[in-house]
Amino acid sequence: MEEFFQQLTNGLAVGGIYALIALGYTMVYGVLKLINFAHGDLFTIGSYLGLTLLTSLSLTDRLAPAAGVLVLAVMVMGLVAVVGALLERVAYRPLRQSPRLSAVVSALGASIFFSNALMLIYGARFQVYPQGILPKVAVNIFGLYVPLVRILILAASVVMMLALYFFIQKTRIGTAIRAAAIDQDAARLMGIDVDRVILFVFLIGPALGGVAGLMVGLHYGQINFTMGWVYGLKAFTAAILGGIGNIPGAMVGGILLGVIEALGAAYLSIAWKDAIAFGVLIIILIVRPTGLLGERVAEKV
Amino acid sequence: MKRVFIALMALCLLAGVPTLAAADSVKIGLMGPMTGPWASEGQEMKQVLDLLAEDLNAKRGLLGKTVEVVSEDDGGDPRTAALAAQRLATQGIVAVIGTYGSSVTEATQNIYDESKIIQIANGSTAIRLTEKGLKYFFRTCPRDDEQGRVAVQTIQKLGFKKVAILHDNTTYAKGLADEAKGLLEKEGVEIVFYDALTPGERDYTAILTKMKGASPDVVFFTGYYPEAGLLLRQKKEMNWPVPFIGGDATNNPDLVKIAGKDAAEGFYFLSAPLPKDLPTPEAKAFLAEFKKKYGNEPASIYAVLAGDGFRVISAAIEAVKSTDPDALADYLHNKMKDFPGLTGTLSFNEKGDRVGEVYRVYKVDADGNFILQP
Amino acid sequence: MMEKRTLTYLVLGAVLALCPLVLNPYWTDVLNNIGLYAALGLSLNLIVGHAGLFNLGHAAFYAVGAYTAAILNTMFHIPVLALLPLCALTAGIFALLVAKPIIHLRGDYLCIVTIGVGEIVRIALINNIFGITGGANGIFGISRPNLFGLVIRKPHEFFYLIWFFVAATAFFFHRLENSRFGRALNYLREDETAAEGSGIDTAHYKLMAFVIGAAWAGMVGNLYAAKMTIISPESFSFWESVLMFTLIILGGSGSIPGVLLGAFLVIGLPEVFRGFTNARMMVFGAAMIAMMIFRTGGILPAKPRRYILPGREEGQGGAA
């Protein structure tokens with residue numbers, strides 16, 4: 001039983017990262033109905049930028065570690081948001097009126113471009129974050145041994161999810177995003193600047209992906225230019241699992257996917273772990289064709 | 001459509017023409033993963049070969065001509081590799097060095113064999129590659145069965161009774177894991193855990209937790225260094241003091257960087273001797289020059305093994321004074337004995353496998369250095 | 001007008017047929033790869049381009065065909081090409097079993113499920129399912145195809161085998177496109193509700209498109225196994241599905257010349273870009289975006305169906 005709970009916490013930590021990346025997927029999808037396959041690579045860019053800033057500015061030495069990491073996170077979010085907005089401007093905006101799948105191919109091209117550009121800039125070797133920035137303390141919860149960092153990661157994802165949720169629900173621009181998600185033309189007629197809304201979405205989504213990349217770098221240490229592909233696919237799965245376009249759905253889907261993977265590895269087979277996760281996803285979709293929480297947006301008919 | 005097609009055709013022709021250029025140089029091919037997940041390996045292989053060729057040209061060249069390294073990207077994928085091989089085969093190369101992955105090499109073996117080009121693989125350890133009786137195929141890396149044998153010896157010597165084996169479902173790692181498992185079972189050692197992780201992920205705590213439940217004395221991980229580093233790091237975070245032994249794919253200084261010195265300390269791995277542990281002047285000179293040119297020592301032993309492939313073939317060309325593939329193959333198979341390589345002495349048997357004891361056991365010390373075990 | 005186009009294709013076909021005579025084995029082999037992906041693209045085009053089903057797991061069916069050929073050839077020594085119909089059958093049946101429960105899923109949900117199927121197949125192959133797939137090693141020693149006593153081994157020999165198959169594929173899908181079946185698929189792609197209202201059994205037609213496309217991919221798998229003589233799971237990764245999908249959209253979804261051109265671009269360009277060495281895939285990624293922006297509907301998009309109405313020279317199409 002102890003092992004079960006241990007595996008559950010393992011899964012929650014992994015799921016927290018998936019959820020954070022899935023949020024960006026879901027936001028972009030909600031407004032543009034575009035599966036942004038380059039999102040995983042924006043995540044990777046976040047972790048590489050984080051490493052560069054961390055080593056070149058030595059923020060964590062000048063400030064207290066906690067403050068340093070916070071400043072770092074804000075900087076990474078800002079930079080990746082700019083990259084995201086540029087991506088939208090260059091690769092997606094010209095395709096807004098064309099068939100949906102054309103933009104998907106453009107996104108795939110962007111994904112190839114980004115990962116190989118990272119390889120050329122940083123080299124093909126694995127990059128490693130300096131150690132000892134995050135406290136290596138473990139907490140004992142009812143006899144369970146949980147590193148503090150994992151709790152922090154999960155907490156950070158939940159906080160960001162809630163912040164995003166209230167931002168979308170309560171603010172003016174959030175309302176505009178929701179309106180554009182339902183019907184872009186109607187939103188335009190109501191005086192909403194849809195281009196601005198989309199720009200906003202492409203600032204927030206990539207920022208969340210970038211900060212997830214930073215968290216992965218800080219926690220796991222090892223980063224690589226190809227890692228966005230795997231994480232992106234997992235996050236996309238998570239977003240669909242919860243119901244794409246649905247913000248709480250991305251959170252639920254991400255965490256659930258992490259837990260399914262951990263428990264599948266623990267009790268069925270490690271080698272079949274990903275197959276088990278996809279199997280569960282397929283069964284869930286057969287039973288609930290629009291994901292667990294359902295989608296909040298109507299697909300264009 | 002027509003215009004595009006004509007443009008494509010023109011490109012095809014253009015790319016076809018250079019192969020007709022005069023042969024005033026001896027061309028050695030290099031096939032390695034320059035893009036894709038193993039790009040760091042391929043790019044370092046190229047660095048090593050470029051350096052060696054430059055060196056050779058500065059000294060005396062080959063047969064009075066200069067040596068030219070023609071490199072192609074195999075992307076670490078069999079289909080791309082087959083294309084790379086076709087492309088190299090049309091460029092008048094005498095021999096090709098490479099490549100890294102066993103299944104990638106396998107996809108190209110027939111192409112080189114049919115074109116009578118000597119192939120010297122540097123990282124493909126799967127047993128069956130040399131069991132086909134291909135005349136022109138050699139490799140400077142040892143085979144999985146040899147490594148399996150040394151791994152089992154080491155495990156027994158260190159007195160471990162319950163072993164967990166973890167691989168990553170690549171041809172290489174699975175082959176080594178199977179080899180070791182068979183031998184250990186024969187020796188009466190208990191295998192308490194045998195499974196595969198998915199390479200390329202970041203979080204292996206679920207696997208470590210499960211493995212811990214099987215309470216092994218030692219974990220033998222046959223996969224690659226990025227995963228090994230993460231496993232060591234996360235094992236440390238879990239406070240699980242079990243010792244780890246790795247196969248030769250974990251031999252990379254980046255392992256220590258990823259794991260951190262405190263987590264990597266005490267990690268055993270098998271490997272061909274590192275250049276720094278070879279007393280030969282060749283190895284020392286090579287290391288010094290590599291460092292001078294690229295600013296760091298070579299990270300991957302496979303890149304160094306590619307260098308040995310290059311040195312072996314250039315020595316063979318000089319010895320037989322021709323680039324005739326049959327004469328070269330004959331020389332490599334039968335006449336070359338104890339060539340002073342960067343990774344120890346080299347000879348090949350009739351299958352094209354490297355002969356002799358290659359593997360050593362290394363242990364990581366508290367400062368993250370790789371210490372040769374007696 | 002029609003005749004002029006036919007003539008163009010004939011000339012292009014003749015030029016292509018002469019290529020192996022002037023090209024070296026490498027470029028011939030590049031054309032062989034293009035041919036394989038062209039055939040794969042045409043088979044996927046029925047599913048994506050005509051039925052409008054977002055399938056990103058086509059490599060699974062390709063793999064089933066390739067492994068069927070490899071296993072039966074190495075175990076029972078049945079000539080590879082004789083296994084073509086069987087490869088189509090196994091891939092088709094597999095697609096039928098897989099697609100039946102999921103075919104009603106909409107757009108992107110279907111997309112992730114097909115990705116899932118592709119990944120499950122790949123993982124099953126790696127884990128040596130039923131003990132016959134050889135695990136990560138794959139299967140080696142597949143015999144060379146033998147056509148009327150002629151053993152096919154060199155790239156220029158494969159060229160004619162593969163491109164003959166591509167021509168047959170193009171002809172088959174061209175006929176299918178203009179059949180009642182093809183028109184029904186287009187109808188349900190454009191407006192599923194209206195199609196259903198007009199008495200088209202949408203689920204049945206979608207399923208049929210899926211099965212036919214998959215069966216055809218199974219046959220390409222057979223050719224691939226015969227060409228490589230060794231197959232392993234990494235040749236059937238998600239990335240392969242992505243390539244097939246990309247070439248369709250890039251070339252022009254639903255258009256046979258478009259898909260053929262797409263295969264030339266997606267498989268040929270990375271080879272042309274070899275001069276960029278390590279940067280070649282980055283240049284390729286940028287080229288993908290550029291081509292998509294330049295021709296948002298694909299380079300040679302399908303023309304809308306046109307019908308000559310009686311009494312007029314050239315009429316507007318009725319119900320597409």
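How much area is buried between chain A and chain C, and what share of it do carbon and sulfur atoms give? The legends below take up this interface and several further sites in the predicted model.

**Figure 1. The interface of chain A and chain C in the predicted model.** Between chain A and chain C, about 3700 Å² is buried, and carbon and sulfur atoms give 80% of this area. On the side of chain A, V105(A), I112(A) and W272(A) supply 15% of the area buried against chain C, more than any other three residues. The contact draws on 46 residues from chain A and 43 residues from chain C. One salt bridge is found by the rule across this interface. A salt bridge joins the side chains of R100(A) and D108(C), with an N to O distance of 2.8 Å.

**Figure 2. The interface of chain B and chain A.** Here 41 residues of chain B are in contact with 39 residues of chain A. The two chains bury about 3100 Å² between them, and 51% of that area lies on carbon and sulfur atoms. Within chain B, the residues that lose the most area to chain A are R202(B), R233(B) and E237(B), which together account for 22% of what that side buries. The rule finds four salt bridges across the interface of chain B and chain A. A salt bridge with an N to O distance of 2.8 Å links the side chains of D203(B) and R150(A).

**Figure 3. Packing of helices α2(C) and α6(C).** Helix α2 of chain C spans residues 25–50, and helix α6 of chain C spans residues 155–177. Their axes come within 9 Å and cross at roughly 20 degrees. Because angles under 35 degrees count as roughly parallel, α2(C) and α6(C) are described as roughly parallel to each other. The crossing of α2(C) and α6(C) is left-handed. Residues of this contact comprise 18 nonpolar, seven polar and two charged.

**Figure 4. Packing of helices α6(C) and α11(C).** Helix α11 of chain C, residues 256–272, packs with α6(C) at an angle of about 150 degrees, and the two axes are 10 Å apart. The crossing of α6(C) and α11(C) is right-handed. From α6(C), the contact is made by W163(C), V166(C), A170(C), F173(C), H174(C) and E177(C), and from α11(C) by I256(C), L260(C) and F264(C). By class, the residues of the contact of α6(C) with α11(C) are seven nonpolar, one polar and one charged.

**Figure 5. Packing of helices α1(A) and α10(A).** In chain A, the axes of helix α1 (residues 2–32) and helix α10 (residues 227–242) come within 8 Å and cross at roughly 75 degrees. The helices α1(A) and α10(A) are therefore roughly perpendicular to each other. On α1(A), the residues I17(A), Y18(A), I21(A), A22(A), Y25(A) and T26(A) meet Y231(A), G232(A), K234(A), A235(A), F236(A), A238(A) and A239(A) of α10(A). The residues of the contact of α1(A) with α10(A) divide into 10 nonpolar, two polar and one charged.

**Figure 6. The surroundings of R122(C).** R122(C) is placed in helix α5 of chain C, which covers residues 107–126. When its neighbours within four places in sequence are left aside, R122(C) is in contact with P233(C), F236(C) and S237(C). G298(C) and R122(C) are separated by 176 residues in sequence and by 30 Å in space, C-alpha to C-alpha.

**Figure 7. Backbone geometry at T99(B) and K33(A).** In chain B, the peptide bond from G98(B) to T99(B) is cis, with omega near 20 degrees. T99(B) is found in the loop between β3 (95–97) and α4 (102–114) of chain B. In chain A, K33(A) has a positive phi of about 55 degrees, although K33(A) is not a glycine. The location of K33(A) is the loop between α1 and α2 (39–57) of chain A.

How values were computed: Residues are numbered from 1 along each chain as its sequence is written. Chains are lettered from A and ligands numbered from 1 in the order in which they are written. This is a predicted model: local features need pLDDT of at least 70, side-chain atom pairs count only at pLDDT 80 or more; totals for chains, interfaces and linings use all residues. Side-chain values use heavy atoms; hydrogens and water are left out. Axes are lines fitted to C-alpha atoms, for helices over the stretch in contact, and angles run from 0 to 180 degrees between N-to-C directions. Helices (H or I, at least four residues) and strands (E, at least two) are DSSP runs, numbered from the N terminus. Angles under 35 degrees count as roughly parallel, over 145 as roughly antiparallel, 65 to 115 as roughly perpendicular and the rest as oblique. A crossing is left-handed if the near helix is turned anticlockwise from the far one by less than a right angle, and right-handed if clockwise. Ala, Val, Leu, Ile, Met, Phe, Trp, Tyr, Cys and Pro count as nonpolar, Asp, Glu, Lys and Arg as charged, and the others, Gly among them, as polar. Contact means heavy atoms within 4.5 Å. Buried area is the accessible area (1.4 Å probe) that two parts lose on being put together, summed over both.
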